[in-house]
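Here are a few notes to read alongside the model. Take them in order, with the structure open.

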There are 2 protein chains.
Amino acid sequence: MTATRNPAETPQLVGLDDIRAAAGRIADFVLHTPVIALPHPGRPDNLLHCKAESLQPTGAFKLRGACNTILQVLDQARERGVVAQSSGNHARAVAWLAHRLGLRAVIVMPDAAPASKVAAVRALGAEVELVPAAIRDTRPLELVAEHGYVHVPPYDDLRVIAGQGTVGLELVEQLPDVDVVLVPVSGGGLIAGMSAAVTALRPGARVIGVEPELAADAAESLRAGRRVEWGPERTYRTVADGLRTTVLGGHPWQHVRRYVDEIVTVSDDQIRAAMRHLAIEGRLVVEPAGAATVAAWMHDLVPAGPTTAAVVSGGSVDPALLSAVLAGRSTA
Amino acid sequence: MTATRNPAETPQLVGLDDIRAAAGRIADFVLHTPVIALPHPGRPDNLLHCKAESLQPTGAFKLRGACNTILQVLDQARERGVVAQSSGNHARAVAWLAHRLGLRAVIVMPDAAPASKVAAVRALGAEVELVPAAIRDTRPLELVAEHGYVHVPPYDDLRVIAGQGTVGLELVEQLPDVDVVLVPVSGGGLIAGMSAAVTALRPGARVIGVEPELAADAAESLRAGRRVEWGPERTYRTVADGLRTTVLGGHPWQHVRRYVDEIVTVSDDQIRAAMRHLAIEGRLVVEPAGAATVAAWMHDLVPAGPTTAAVVSGGSVDPALLSAVLAGRSTA
C-alpha cells in the first residue's frame, strides 16, 4: 500500500497502483459491468450513467473487495477456511468465492437479514451463524481465535478498499468525461476505493456519497469532522438493509474525509420510487440499497453533472418487495 | 452483401463481412451488452450465459438492425423522414435513433400494442399511427408512396439482418467455447443474423430458435420445409407481444433453413416463470418475449451445452404484469 505504516500519525490510503493491481488480480472472477444510461423521470434527455454492479454474479460490488482479499491469502484460506460477517452482499460474495475456490466458509449474519439473502448464502454451501446486530462485528474475531479461520472483512481493510476501487477505475475508462460520481455509503469501503480512484484519474470530478436518512451516520460524521456512530436501533429502520452499518470503518473514514465532497441523504419513499424507475426505465432489478444513488439524482438532491454517474448495487431483492414497489405500494 | 442478386435462384445471405461492417457502423449507438451467468433453478451449478440485450438503450436488440439500416441511408432519411412498423421494440429503436439523429419519424403500431410501448415511442417525439394487426405490414408502404418517407423494415431486410448479427459476433468473442445458442424467433431477423455469425465463427455450435407455442409459425415452417403463416387471431394469443409476427420474413427464412438446427416452443406459463427467475437470479427486467429462451432452457426443452448461451431481449414490460409475475400470479 502506498502509505506509511503508522496509522496514528499518517492515514493509510490506497493509491492508483493498489487499485490497478486489484483489477488485474480479480479480472477472472468479476464482471466488467456495463454503464446504463437512465433517463430522468421528468426530463428524459437528462441521463444518469449507472454503473450496474447489481449484475455481478453475486449481485453486488462486494465481490471485488472480497476477491482481492482472498486471492492474497489463498494458501492460508485453503488450509483453514474463511470467516466473514455481512448483512448480505459481502456474505454472498465470500460464499460464492469459497464455493468456486473450494474453501470452507463460515458466514456471520445479523438475525434481521432478509431470508432470501440467508438462503442464497446457504445454497452456496457456506455455514451461516445468525447473531444479534450488536455483536456482528466481534463474533467473527472470536471464531478466528477459536478455529483459526482467515477473516475477510467487509470494508475496514485496505485490500477490500482497493478491490472496491476497481469500480471507479472501470467507470472513468467507460465515461472519461465524468464530472459527478454518486456512491452509496454504508461501512464506506466502496466510496473509499472509488473516491481514491476517481480523484486520481479525474482531479476535477466530485465524489458524492448517498445514505438513507434513517441511517445517516456517515453524513453526520462528515459534517462533524469525526466518525459518529448510530446504534442499530436507529440504522435498522431503513428499508435499505444493505446500508445499515452503524459507523464508517476507520480506513474508509480516512479516505472519505480526504476525497469525498459531500454525503446526501434520501428517504425510504425516494428509494422505493427509484427502485421502480430503475426496473421500468433501466431494466435493472435492484434492492433498496442499490437504488439510493438514483433516488438522490431523480429527486434533484445532488449537483447536476454535465456528466453524472452513479453506482447501482446490489440486486438481491425480496420478490414480494419488488412486486409491491412495481404495483405502487410501499410495503410487501 | 455477399450473395448473387437473383433471389429467385440463389438465396441472398448475409456473411461475416457484412456483420463485421455493421458492428463498426453502429458502435457509437449500441451498448456492448454483458453476458450474465444465470444459475438453473434446480441445478445451481448449471449456468445459462445470457446475452443481455434487454439493457440496450431502447430495451432490445432491434436497435442494432435499425441503426445499421438508417446509417446507410442517412442523407435521404434527413431529407424525407423515416417510417417503420412494429409491435414495440423496433418502433422504439427507430424513434430513439430518429430523436438522436434529428430525423422525422412516423411509426405504425398494431392497435393491440401495450400502452407502455406506444407511450415510450411518443415520448421520443415520433408520430404514432395505430392500425389493425392485419394491415401493419402494408400501411408503411402506403405511407412511403404517399409521403416519400424512407422505410426501415423490422426484419425482412439484409441490412437489418446484418445489424442483428452483431449480437452473435459479440457473443462468440465473449464466450469463445459456446456450443448451443438459444435465440427468440418472431419475424426472424435476429436468428437469421445470429445464425450466420455463430455458424461462421463456431462451425460446431448449434443455433436453436425459441417461440411461444401460441405463435409457433416458425417451428411449423421449419418442420414443413416452407414458410407457414399463422393468422394474427392465433399469434396474438400469447403473452409475448414481442413474438407475435405471423410469418417469417423471406430473407430470414433463407437463413433459418440453412443455419438453424431446431425451433422449440414454450408455454406462456413457462415464459412467466422465466421472467421471475431472470428478475430474481439474473437481476434483469425482461418482457415476456425476452424470457422465452430462458423458459426453454430452465424447463429442459433444449439440448444441454456444455456451454449454452441465450439472447435475452427485450426489457419493456408493463409494470403491473411484472408485479403480478413476481407475486406468483399469472395476470396483472
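1. The largest nonpolar core has 232 residues. A core here is a set of buried Ala, Val, Leu, Ile, Met, Phe, Trp, Tyr and Cys residues joined through C-beta atoms within 7 Å; buried means 20 or more other C-beta atoms within 10 Å of a residue's own, with C-beta atoms placed from the backbone. Those with the most contacts inside this core are Val82(A), Val94(A), Val294(A), Val82(B), Val94(B) and Val294(B).

2. Before going on: this is a predicted model, where local features need pLDDT of at least 70 and side-chain atom pairs count only at pLDDT 80 or more, while totals for chains, interfaces and linings use all residues. Residues are numbered from 1 along each chain as its sequence is written, and chains are lettered from A in the order in which they are written.

3. What does Val294(B) touch? Its partners include Leu38(B), Cys50(B), His277(B) and Val312(B), leaving aside residues up to four places away in sequence. Contact means C-beta atoms, placed from the backbone, within 7 Å.

4. Val94(B) sits in α4(B) and is buried there, as are Trp96(B) and Leu97(B). Helices are DSSP runs of H or I with at least four residues, strands runs of E with at least two, numbered from the N terminus. Because 10 of its 13 residues are buried, α4(B) is largely enclosed by the rest of the structure. Its cover includes α2, β3, β4 and α5 of chain B.

5. Between the chains, 23 residues of chain A are in contact with 23 residues of chain B. On chain A's side, α14(A) gives the most, with five residues.

Key. Buried ≥ 20, exposed ≤ 12 C-beta atoms within 10 Å, placed from the backbone. Contact = placed C-beta atoms within 7 Å.
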